[in-house]
Amino acid sequence: GKTTVIQLLSIILQRKLHVINCHASTETSDILGGLRPVRGRQGLVRAMVESTIELLGKCPLIRESGTAIPKFLLADKQIPETDYPVDAAEQINSVIKSLRGSSKGSTGKKSSAQLSAENTEKRRKLRKGGFALQGRSDITQDKSFANELNESEPLLRNIEVLYQRYCS
């Protein structure tokens, strides 16, 4: 019947097919699971935007770190929620991930700020003469950046929790 036709079509098109046998008492939750819609997603995005703007205010070196910051977060005036990009939460999460690097300092691995400071130190050692002095100021700036991020750890965690709630 119908199932056989679809199974043959999936073989011809070389597509994977998942067959779920349904009966009279099958409910949508049996197929989809116990999914519930997240209520107040726009409020979560607003809270993420406000927290990220606060983070940018507390850590001015983030703008100089080379981290790509979405334009809607850099606006001089607060933009209305209706003007947020559709993927605002994902963009903010991307900024937070790039600030943290691929590993978190709390897991015993080095943070992106620590790796950046180490790389600057290595570059300084490779330089000769007057260039070494410039390397020291880079290291000082990297340490300042790392200090700013460490002081803003609760704010970073808050943004991550908001994103997790947004995605759940």
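Hi everyone. Let me begin with one term: a residue is called buried when its relative accessible area is under 20%, and exposed when that area is over 50%. With that in hand, tyrosine 166 counts as buried, because its relative accessibility is 10%. Please keep in mind that this is a predicted model.

Let's stay with tyrosine 166 for a moment. What does this residue form with tyrosine 163? An aromatic pair, and a stacked one, with 6.4 Å from centre to centre and 20 degrees between the planes. Both tyrosines belong to helix 9, which covers residues 153–167, and they are three residues apart, about one turn of the helix. Tyrosine 163 counts as buried too, because its relative accessibility is 16%. There is also a charge here: the charged end of arginine 41 sits over the ring of tyrosine 166, 4.0 Å from the ring centre.

Now, how many aromatic pairs does the structure hold? Two. The other one brings together phenylalanine 72 and tyrosine 84: the ring centres are 6.1 Å apart and the planes meet at 45 degrees, so this pair is tilted. It links distant parts of the chain, with phenylalanine 72 in helix 5 and tyrosine 84 in the loop between helix 5 and helix 6, 12 residues apart. Both phenylalanine 72 and tyrosine 84 are buried.

One last stop, at serine 25. Is this residue buried or exposed? Exposed, because its relative accessible area is 52%. You can find serine 25 in the loop between helix 1 and helix 2. Its side chain is joined to that of histidine 23 by a polar contact of 3.0 Å.

Conventions:
Residues are numbered from 1 along each chain as its sequence is written. This is a predicted model: local features need pLDDT of at least 70, side-chain atom pairs count only at pLDDT 80 or more; totals for chains, interfaces and linings use all residues. Side-chain values use heavy atoms; hydrogens and water are left out. Rings of Phe, Tyr and Trp (its six-membered ring) pair if their centres lie within 6.5 Å; planes under 30 degrees apart count as stacked, over 60 as edge-to-face and the rest as tilted. Helices (H or I, at least four residues) and strands (E, at least two) are DSSP runs, numbered from the N terminus. Buried means under 20% relative accessible area, exposed over 50%, partly exposed in between (1.4 Å probe, protein chains only). A charge sits over a ring if NZ of Lys or CZ of Arg is within 6 Å of the ring centre and within 35 degrees of the ring normal. A polar contact is a pair of N or O atoms within 3.5 Å; within protein, one must be able to donate a hydrogen and the other to accept it, and residues adjacent in sequence count only if both atoms are side-chain atoms.
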